[in-house]
Amino acid sequence: MSSGVAISPIQTEPVLSPKFMSWPLVPCPDESILIYLSVSGSVMPMRVLESDSIESVKLRIQSYKGFVVKNQKLVCGGRELARSNSLVRDYGVTDGNVLHLVLRLSDLQVIKVRSTSGKEFTFYVERGRDVGYVKQQVAKKEKEFDDLDEQEVVCEGEPLEDQRLIDDVCRYNNHNDAAIHLLVRKSSKVRARPVEKNFELDIVAPRLNEGENVRRQYDASEENDRRGDEVDREIVPRKPPDRDFLLEPIIVNPKIEFPSLIWDMVNATIDGLDAGFDPIRSMEGTGGAYFMQDSHGEKFVSVFKPIDEEPMAVNNPQGLPLSLDGEGLKKGTRVGEGAFREVAAYILDHPESGHRSLFGGSKGFAGVPPTVMVKCLHKGFNHPEGVTVKIGSLQMFMENNGSCEDMGPGAFPLKEVHKISVLDIRMANADRHAGNILLDKDQENGQTVLIPIDHGYCLPESFEDCTFEWLYWPQARQPYDSKTIDYIKSLDAEEDIALLRFHGWDMPVACARTFRISTMLLKKGVERGLTPFAIGSIMCRETLKKESVIEEIVQEAQDSTLPVTSEAAFLETLSLIMDHRLDEIAGSASINC
Ligand SMILES: Nc1ncnc2c1ncn2[C@@H]1O[C@H](COP(=O)(O)OP(=O)(O)OP(=O)(O)O)[C@@H](O)[C@H]1O
């Protein structure tokens, strides 16, 4: 998770290039362009040089507006200005253009609470909440702390007031992981008293406000029918007659049987909505992403991303302009197809033990969270034109301790980085930044686990925007181990394309071609002993303007074949060209060794 904290004094003067400001005489108009920065509905003029790097533009926005660079996403003409070392002119930004600034303000904070009796709880709390809210969550979990007045929450030895905002506590958190660590104890007044034997008997029932009680009502018999499992029969209040929401998986092929973990996720999400816990929109990210709560409103169970709220789609809540030609924020992707890609990444993430045939429930090699296409009606989504049913991806919410943005890569286990690299190379992922890899700890061995999320820009039609954050991590320069190589050898792009078709996504020809080429590259690369770094570097452009090696290979294959050539013949030609280029690369790599 990223921090939304301003790190420099906020200035309000017009945003000018430092180079420009230090210009001794009257600034030369040829050197600069006037663009407009649009942020949260307001527009401000900004003078930049065409030779300014995107990084330097973001730095200026940081110093004038206070938003840290890593939380800024700049979009111009429907394209994200993603490469920080590229220049303003590389992206074709010209005089009068509008630059949309999307802020990735972290909204959720991981809070780890330990009680004096040694119990531990983890909560995800919105940064705008206060300590009083955390106390309520603790009270719900632990009878001992049921009386809020007797609860004391301590951070780094300092008792926190109820009104203190979580965002504020974050700034004083000295731990080097992303979570805030709190201690909860009986307040000193209570601790001073000897604990009486009948202390437990004094505890009153959990405090639910009346509104919550009403919203939590449900019809136990209907619940039983739907889930076929046990329901607490002691409270059988009646469900309100009409549900004002809908959520169901989209089943395009009746032969598909969803595994139980998908049903559990869908049902838990329905239960949360039924209990009145509305979707919470994430303030992070460029598209509409909603955290769906469980039936107690205590934890998140899934993340819903509707297709009409994707970046540059008609109902995008971040106010990004509509795409003029239907192309998404990344080259070679289409607006409104992000959800398919999210689901495809899950389906194609075959487990190490064997390939998914229909829709297996076992964990995939890279650990893409279970994801399914759903339709959902709820007033809590962005509906500027009235409430309608939305289609989108529903992904299991993964408990985490932040993302790879919050930590240096040194601590990431080799295998974890390698599994992400295999996924990204296969999928030609155009959006693998560190914020899209969550961090967790393995329950058994305590090792860091990387969880890949946000696959809406996988399987593009071209390789132009492929970017892999892990390319710069030391683990990428280590060779794959034998198990990973076996996994890579077992991959079959044709089977995968057929599997997606079976699931209702008949990939566009150009996407299928990219996918075939990426799979081919991965397989040929490991045959020659290339590292993830070597293979990944073939797929990514070094600079915005310089084509990657894979793009050169595709171009050469296109130049060597006639436009009427069949796809199979084209790929054969490409395969020979790729062999040649890879032999050169592998040869020079072994000389360098
Ligand atoms: N499966 C998940 N489990 C836990 N948190 C998630 C999951 N998927 C997304 N999130 C969180 O939800 C927020 C928004 O999600 P995400 O980054 O995928 O949205 P986006 O609009 O596609 O983003 P981006 O602008 O980076 O492409 C982020 O804080 C992310 O960490």
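Strand 13 (residues 280–281) and strand 14 are antiparallel partners, joined over two bridges; strands count as paired if DSSP finds at least two bridges between them. Helices (H or I, at least four residues) and strands (E, at least two) are DSSP runs, numbered from the N terminus. The model is predicted, so to speak of local features a pLDDT of at least 70 is needed, side-chain atom pairs count only at pLDDT 80 or more, and totals for chains, interfaces and linings use all residues. Residues are numbered from 1 along each chain as its sequence is written, and side-chain values use heavy atoms, with hydrogens and water left out.

- Arg281 has Tyr290 as its bridge partner in strand 14.
- Tyr290 also has a bridge partner in strand 15, namely Phe304.
- Strand 14 pairs with strand 15 (residues 300–306) in the antiparallel sense, over four bridges.
- The hairpin of strand 14 and strand 15 has six residues between the strands, and Gly297 takes a positive phi near 65° there.
- Strand 15 is in turn joined to strand 17 by five bridges, and the two run antiparallel.
- Phe304 stands opposite Leu394 in strand 17.
- In a regular strand the side chains alternate between the two faces of the sheet.
- In strand 14 (residues 290–293), Tyr290 and Met292 point one way, Phe291 and Gln293 point the other way, and all are buried; buried means under 20% relative accessible area, exposed over 50%, and partly exposed in between (1.4 Å probe, protein chains only).

**The ligand site**

- The ligand sits in the largest cavity.
- A cavity is a set of points, on a 1 Å grid over the protein atoms alone, where a 1.4 Å probe fits but cannot get out; a molecule sits in it if more than half of its atoms lie within 2 Å of its grid points.
- Strand 15 and strand 17 (390–396) are the elements that give two or more residues to the shell around the ligand.
- There are 21 residues around the ligand, of which Thr286, Lys305, Met396, Met398 and Asp454 come nearest; a residue is counted as near if one of its heavy atoms lies within 4 Å.
- The side chain of Thr286 has an N or O atom 2.8 Å from an oxygen atom of the ligand.
- Gly287 places a backbone N or O atom 2.9 Å from an oxygen atom of the ligand.
- Met396 places a backbone N or O atom 2.8 Å from a nitrogen atom of the ligand.
- The ligand taken alone exposes 610 Å², and the protein buries 95% of that; accessible areas come from the Shrake-Rupley method with a 1.4 Å probe.

**Asn401**

- Asn401 is in the loop between strand 17 and helix 10 (414–427).
- Asn401 counts as buried because its relative accessibility is 14%.
- Asn401 and Val110 are 291 residues apart in sequence, yet their C-alpha atoms are 6.3 Å apart in space.
- The side chains of Asn401 and Lys112 make a polar contact at 3.0 Å; such a contact is a pair of N or O atoms within 3.5 Å, and within protein one must be able to donate a hydrogen and the other to accept it, while residues adjacent in sequence count only if both atoms are side-chain atoms.

- All five residues of strand 4 (residues 72–76) are buried.
- Gln72, Leu74 and Cys76 point one way from strand 4, and Lys73 and Val75 point the other way.
- Strand 4 runs antiparallel to strand 6 (residues 98–103), with four bridges joining them, and Leu74 stands opposite Leu101 in strand 6.
- Strand 4 also pairs with strand 5 (residues 79–80) in the antiparallel sense, over two bridges, and Val75 stands opposite Glu80 in strand 5.
- The hairpin of strand 4 and strand 5 has two residues between them, and Gly77 in the turn has a positive phi of about 55°.

**Covered helices**

- Helix 9 (residues 338–348) is mostly covered, with 10 of its 11 residues buried; among them are Arg341, Glu342 and Tyr346.
- Helix 14 (residues 532–539) is also mostly covered, with six of its eight residues buried: Pro532, Ala534, Ile535, Gly536, Ile538 and Met539.

Technical notes:
1 Å grid on protein atoms, 1.4 Å probe; cavity = no way out; pocket = protein on both sides within 12 Å on 5 of 7 lines; lining within 4 Å.
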